[in-house]
Amino acid sequence: MPHLLLSQGDRLLLTHMLRPGRTVIGRSDRCDVALPSDTLSRTHCTVEQRPEGWLLTDRSRHGTTVNNTAVERHWLVDGDVVNLGEYRMAFRETVSDNDTASEIETGNRTPRPHEEIVDVGEDGIAAVYVVLRILRGPLAGATHILKRDRTSIGGPGSQILLDASLPKKAFYVRVVRGRALVEPGTAAVFLAGSRVRQVVPALFGEQIRCGEHAMVVESQTLQESVEQPTFGDMVGASPVMRKLFGVLSRIARHDAPALIVGPSGTGKELTARGLHDEGLRATGPFIAVNCAGIPHNLFESELFGHEKGSFTGATDRRDGAFHRAHSGTLFLDELGELALDAQAKLLRVLESGEVRRVGGGAAEYPDVRIVAATNRDLTAMIRSGTFREDLYFRLAVLSVSLPPLSERIGDIPLIADALLRRNHPDAVLSPGARAALSDYTWPGNIRELRNVLTRAYVLAGPRIDAADLTFNPVVFDRAPTRPTARTPLGRDQVEAALERVNGNRTKAAAQLGMPRSSLLYRMRKLGLM
């Protein structure tokens, strides 16, 4: 297979073997090749195998040159030299021993996800981990789940002890986004019969050998129940909220799109803010967009930006929400209010990563994480033809449902105290007021609770008694509908998707807008594997 040789100055840093598919290069830890430098974009460029050869695509704001010529797209040939900021990357069809790196560094040591979440439910999550299975040696038959981004393996002092006769940290296995990479250490290590002299991706089933020990890396899906007492600025001590906080904490450490569903007033924007603040992009911007508040004719301009003079009133070039959220999080609130044609335009951007300004032709590639929210039942909208199924599955990679306040009555005193501390620090709730708050049904959820407390504080003063509470005189003809979270794919949907692509699981997953691992998990659950 071809290789990429990464250098800095005269020092060869890394030799990366290109595998079939797409390799992402940049300074983000989520890239396949991560290079720490402010001269690189978070996602700087990609190298993708096509039938015609290997295609390099620039996705940066800094620019990429090949053989000292600026390029947007370039078909790589043996010997091409790509300049990425302070780094130089050579493309080689084959490599020799002289091309190996003596010093290895694939990026900074910021913790990165070592798991891939494939399903989220009310009781927890299902996640795929890399597992090291020992084939030969004193520990033959043993398995180790790798729950670190980098695990040392070898003799005494290693995180996985194989044999006392081996040196400490004989070699390492790294895990990045569910994929394993073998890194040399203090002893000779071989992958698929070849000596490992730099960080090399390991395919599942390829044999790793160190001395008399042999092993393979495999994947394993684990069902886990997770709980956590807090998350961001959200409060609650009820079992349902402790489970929710645990799930949200795990979702925050990933970069896949997330969908938050729940009735109006349950705190969807607060949840989205927590996913941002507790996540990998906390130092980047958090941009919130209310989809219901965008005039239909301005949707593209608001999200994707526009060029000067592209329409009446466009007096200047303007960045859209995707540009402003670069390196951070874009929160799309009230997603269910988007018209079908707007949904199609949003889907195109999510699938391609390309953002084109209104009136402009050049593609730009803002690096954003999408978090969406709705109080609508999207699955019902799909059945009625008012919401696109492909957009739904694209955004519902990680989906959580927020419970209405009536399902967490025990949390009301905690939430009331938190709201008063934030908005009216000198307010005091009497025991009678606390009891009255807990006896109410709260059709307007936390937003209504906040309004009731503010009204009582303004009209009655710092001390709030039960008699000071006036509830909203709203009569509901029926109980407010609670929207559903992501409905698991049914057997008919999976079989239909597979039939459309002649059984190709990778293409079926792409059609359904979900990772291949999630599709495989669903197929196993449905007995299709």
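A charge sits over a ring if NZ of Lys or CZ of Arg is within 6 Å of the ring centre and within 35 degrees of the ring normal. With that in mind, look at arginine 209, which lies over the face of phenylalanine 190 at 4.5 Å from the ring centre. Arginine 150 lies over the face of tyrosine 172, at 3.8 Å from the ring centre.

Before going on, note that this is a predicted model, in which local features need pLDDT of at least 70 and side-chain atom pairs count only at pLDDT 80 or more, while totals for chains, interfaces and linings use all residues. Residues are numbered from 1 along each chain as its sequence is written, and side-chain values use heavy atoms, with hydrogens and water left out.

Let's stay with rings. Rings of Phe, Tyr and Trp (its six-membered ring) pair if their centres lie within 6.5 Å; planes under 30 degrees apart count as stacked, over 60 as edge-to-face and the rest as tilted. The whole structure holds seven aromatic pairs. One of them is stacked: phenylalanine 286 and phenylalanine 331, 6.1 Å centre to centre with 20° between the planes. Because phenylalanine 286 lies in strand S25 (residues 286-290) and phenylalanine 331 in strand S26 (residues 329-333), the pair ties together parts that are 45 residues apart in sequence. Here, strands (E, at least two residues) and helices (H or I, at least four) are DSSP runs, numbered from the N terminus. Are these two phenylalanines buried or exposed? Both phenylalanine 286 and phenylalanine 331 are buried, where buried means under 20% relative accessible area, exposed over 50% and partly exposed in between (1.4 Å probe, protein chains only).

Tyrosine 440 and tryptophan 442 pair edge-to-face, at 4.6 Å centre to centre and 90° between the planes. Tyrosine 440 is buried, with a relative accessible area of 18%, and tryptophan 442 is buried with 1%. Ring pairs also link Phe299, Phe304 and Phe322 into a cluster.

Now find asparagine 375, in the loop between strand S27 (369-374) and helix H6 (378-384). Asparagine 375 is partly exposed, with a relative accessible area of 28%. What does its side chain make a polar contact with? The partner is the side chain of serine 264, at 2.6 Å; such a contact is a pair of N or O atoms within 3.5 Å, where within protein one must be able to donate a hydrogen and the other to accept it, and residues adjacent in sequence count only if both atoms are side-chain atoms.
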